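Let's take a walk through this structure together, one region at a time. Have the sequence and the 3D view ready as you read.

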Amino acid sequence: MTYQGFRGTGVRLTEEQLPHLQAHRTELLGDSLPAIHAFDKAHAVMLTERGLLEPAAGRAILTALRGMEAEADGVTAARIEAGGGMHSGEQYLIRAIGADLGGRLHLGRSSGDLIEVARRMTIRWHLHAMLPALVDLRAVLLGLADTYREAVMPGYTHGQHAQPTTFAHWATMFERAFARDTERLLSLHGRLNLSPAGAAILTGSDLPLDRHRVADLLGFDAPLPHTMDAILSHDLEMEVAAVLATAGATLARLADDLYLWSTSEFGYVELPDRFCGTSSIMPQKKNPDALEDVKSVATQALAALIGVITAERGPTGFPIMERRYSQQAIWSMCAAITAKVGDTTQILTDLRLDERRMAARAGAHWAQVTDVASALVRYTGLDWRHAHQVVGVFVRLGVERGLAAPAATLALLDEAAGQLLNRPSGLTAEQFADAMDARAFVARRTLYGGPAPDAVRRENAEFTDRLAADRTRIDGLRRQVSGAEVALETAIDTILATGGTSTEGTEAG
């Protein structure tokens, strides 16, 4: 009779579980099956090296696991066919080489550390895809800042023209936001990359397992130092979901800006046609579909965050089954955000700007008049509050008379000053014209972090250095995992060639 797994009817339970309750189906494990396979191999190596498996048993198990890899459809398909959920490796082995050998794989392990190792490794793989995508996006934003340092445009608060800035300053704002997302992911990675292997279900094992050896073979920095915490604390998943929701919100905000600016009313940017759709009834339409798609990730990520946190309610050790579904939400959101980051990179790379329109709007709606108030302070000695009030009257008079900002005159400012101060403003025509120039407004903002072209160039050098450092750090994290993969295969080769026991892995502490 074909082995059906330890949950089979007639062992502990006398009835077959209802199909809709079978949460341990292998196909539900999706992204994590390669991680489970790696853990099976690393655990078998450690057991063999420690003498907890006879050399012949270790060789048989590892040979069969490699045989699974050689199957035509690969490991994932082989495990789904074998069944048994996270225990698909054991189920495959028992069918392939018998229970006397295959049944030894699970020695010292539990479903608890099996799934927790796989969960952390799977999230790690997703982060190793997301992080390079983020640094690529940041590089494009810094490139745009170099290209468009002189592209003056309005800045907005409350949906109204606020002060003139540049497209470069906008681009570097988002580079900084995505740099923080990168920093959050890297910080998270340090807490993620600790191994639950050997913690079993909460107390570990009375066998002399080498937790450090398994951690090394799987690319973890170290084992988690507390076996109960390793399995039954799940604040890490909540943190992952929260970081994803934050990154999704940043992406959506960028997409919202471009979405607004692509409207006919703004007309600042235009997307390449491949990112757009049209209408079945309105032939003139060019809909920015890609931006809507990017924006949607924020909604999905927030829903995932709520789901993950809700799944963790209850006393320690109670939320088990709910977590099987919330982990799918995490993996799905990791993939979705990585994809949307890539789309955003392509959109920005090929975005078309109407610089003339942006520049014309920058000074059209009084956004530059902060500097008129500053000029009153600088050149006439007026205090800031009176200067602010004079300029407020100046703007109101212009609006009431239907004047656009470029048509405003020094005489109008003097009239406003006369109403409040009983005297003219005291500015010369040259000082007034300079204060009303939107491009000059930007050029004066040379302070650290400001929008002046020289300031953007200066700060971009700093941002570029940080980007390079982040890229180097990310490459190092990925090399650590690839190095562990090589070390695992080398350890297997050694066991298969020599009979198995070694002193390479010894439990620390």
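**A guided tour**

Start in the loop between β3 (194-195) and α8 (211-217), which is where I201 sits. Keep in mind that this is a predicted model. Is I201 buried, partly exposed or exposed? Its relative accessibility is 44%, so I201 counts as partly exposed; the cut-offs are under 20% for buried and over 50% for exposed.

Now let's head inside. The largest nonpolar core has 64 residues, and the ones with the most contacts inside it are L141, F167, W170, L258, W261, L348 and L351. Which of them gives the largest share? That would be α6, with twelve residues.

Setting aside neighbours within four places in sequence, W261 is in contact with M153, Y156, F167, W170, F266, G267, Y268 and V269. Apart from this core lies another one, of 41 residues, with L29, A44, A491 and I492 among them.

Next up is helix α1, which covers residues 33-49. From its first C-alpha to its last, this 17-residue helix reaches 24 Å, close to the 24 Å expected at 1.5 Å a residue. Why can we call α1 largely enclosed by the rest of the structure? Because 16 of its 17 residues are buried. After α1 comes G51, whose phi is positive, near 80 degrees.

Let's move on to α12, the helix where T338 has its place. With 18% relative accessibility, T338 counts as buried. Leaving out neighbours within four places in sequence, T338 is in contact with H126, A129, M130 and A133. If you follow the chain from T338 to D354, the two are 16 residues apart, and their C-alpha atoms are separated by 29 Å.

Our last stop is E312, found in the loop between α11 and α12. As for what E312 touches, not counting residues up to four places away in sequence, look for H234, M238, P319 and R323.

Key:
Residues are numbered from 1 along each chain as its sequence is written. This is a predicted model: local features need pLDDT of at least 70, side-chain atom pairs count only at pLDDT 80 or more; totals for chains, interfaces and linings use all residues. Side-chain values use heavy atoms; hydrogens and water are left out. A nonpolar core is a set of buried Ala, Val, Leu, Ile, Met, Phe, Trp, Tyr and Cys residues joined through side-chain atoms within 4.5 Å. Buried means under 20% relative accessible area, exposed over 50%, partly exposed in between (1.4 Å probe, protein chains only). Helices (H or I, at least four residues) and strands (E, at least two) are DSSP runs, numbered from the N terminus. Contact means heavy atoms within 4.5 Å. The expected span of a helix is 1.5 Å times one less than its number of residues.
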